[in-house]
Amino acid sequence: GGGLGSSRCAMRYGLAMGPVTCGVLHGKRSVFDVWGGPVHLANKMESTGKAGVVHCTEAVQRRVTAAPDSPYTWDKPTPIFYKGLGNLVTYFTLGTTMGPPDEVLTELDIPPRPGFYSFDTATITAQNGGCSTARTDHTTGTN
């Protein structure tokens, strides 16, 4: 079996915001799920994104950059056509001055280093083997 550091997994992330509906579906086993326009849009952001980069709607980018101490930097606005939605202005993150939590770095045996973290080369170490697909986590709109 694989261990820490045995393989790398590049992931795509999609973010959107807005009202959603959620609930528990009962069947052979109960499953919690979230539905709504923002979930669908976050999935579109992820599917048209780049590995290792956060792709978000203009509303998310504006909300994040509204904080005066926002640690994120952004690529130029990217208009993308989405069937059923038309042209939307979207943003890709370039990086952040906020590093990963020290606990994560310690677990991965990576020394913390102050400075700028670039998302376009970011990879996540998979614990058990490889990773070939990205999965949208509908509870947060991210992967």
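Which strand does tryptophan 35 lie in? Tryptophan 35 belongs to strand β4, which covers residues 31-35. Keep in mind that this is a predicted model.

## A nonpolar patch

Tryptophan 35 is partly exposed, at 36% relative accessible area. Together with Leu25 and Val31, Trp35 makes a nonpolar surface patch of about 250 Å².

## The aromatic pair

Search the whole structure and you get 1 aromatic pair. The partners are tryptophan 74 and tyrosine 91, arranged edge-to-face, with 6.4 Å centre to centre and 80 degrees between the planes. This pair ties together distant parts of the chain: tryptophan 74 sits in strand β6 (residues 72-74) and tyrosine 91 in strand β8 (residues 86-96), 17 residues apart. Tryptophan 74 and tyrosine 91 are both buried.

There's also a charge over a ring to look at. Lysine 50 places its charged end over the ring of phenylalanine 92, 4.4 Å from the ring's centre.

## Strands around β8

Now for the pairing of β8. Strand β5 (residues 54-57) runs antiparallel to β8 and pairs with it over 3 bridges; here threonine 57 is opposite threonine 90 of β8. β6 is also antiparallel to β8, joined by 3 bridges, and tryptophan 74 faces threonine 93 in β8.

Strand β7 (residues 78-82) is joined to β8 by 5 bridges, again antiparallel. Proline 79 has valine 89 as its bridge partner in β8. The β7 and β8 hairpin has 3 residues between its strands, and glycine 84 takes a positive phi near 85 degrees there.

Note on methods. Residues are numbered from 1 along each chain as its sequence is written. This is a predicted model: local features need pLDDT of at least 70, side-chain atom pairs count only at pLDDT 80 or more; totals for chains, interfaces and linings use all residues. Side-chain values use heavy atoms; hydrogens and water are left out. Patches are made of residues with over 30% relative accessible area and no salt bridge: like charges are joined within 9 Å, nonpolar side chains (Val, Leu, Ile, Met, Phe, Trp, Tyr) within 5 Å. Accessible areas come from the Shrake-Rupley method with a 1.4 Å probe; for residues, only the protein chains shown count as cover. A salt bridge is a side-chain nitrogen of Lys or Arg within 4 Å of a carboxyl oxygen of Asp or Glu. Helices (H or I, at least four residues) and strands (E, at least two) are DSSP runs, numbered from the N terminus. Buried means under 20% relative accessible area, exposed over 50%, partly exposed in between (1.4 Å probe, protein chains only). Rings of Phe, Tyr and Trp (its six-membered ring) pair if their centres lie within 6.5 Å; planes under 30 degrees apart count as stacked, over 60 as edge-to-face and the rest as tilted. A charge sits over a ring if NZ of Lys or CZ of Arg is within 6 Å of the ring centre and within 35 degrees of the ring normal. Two strands pair if DSSP finds at least two bridges between them.
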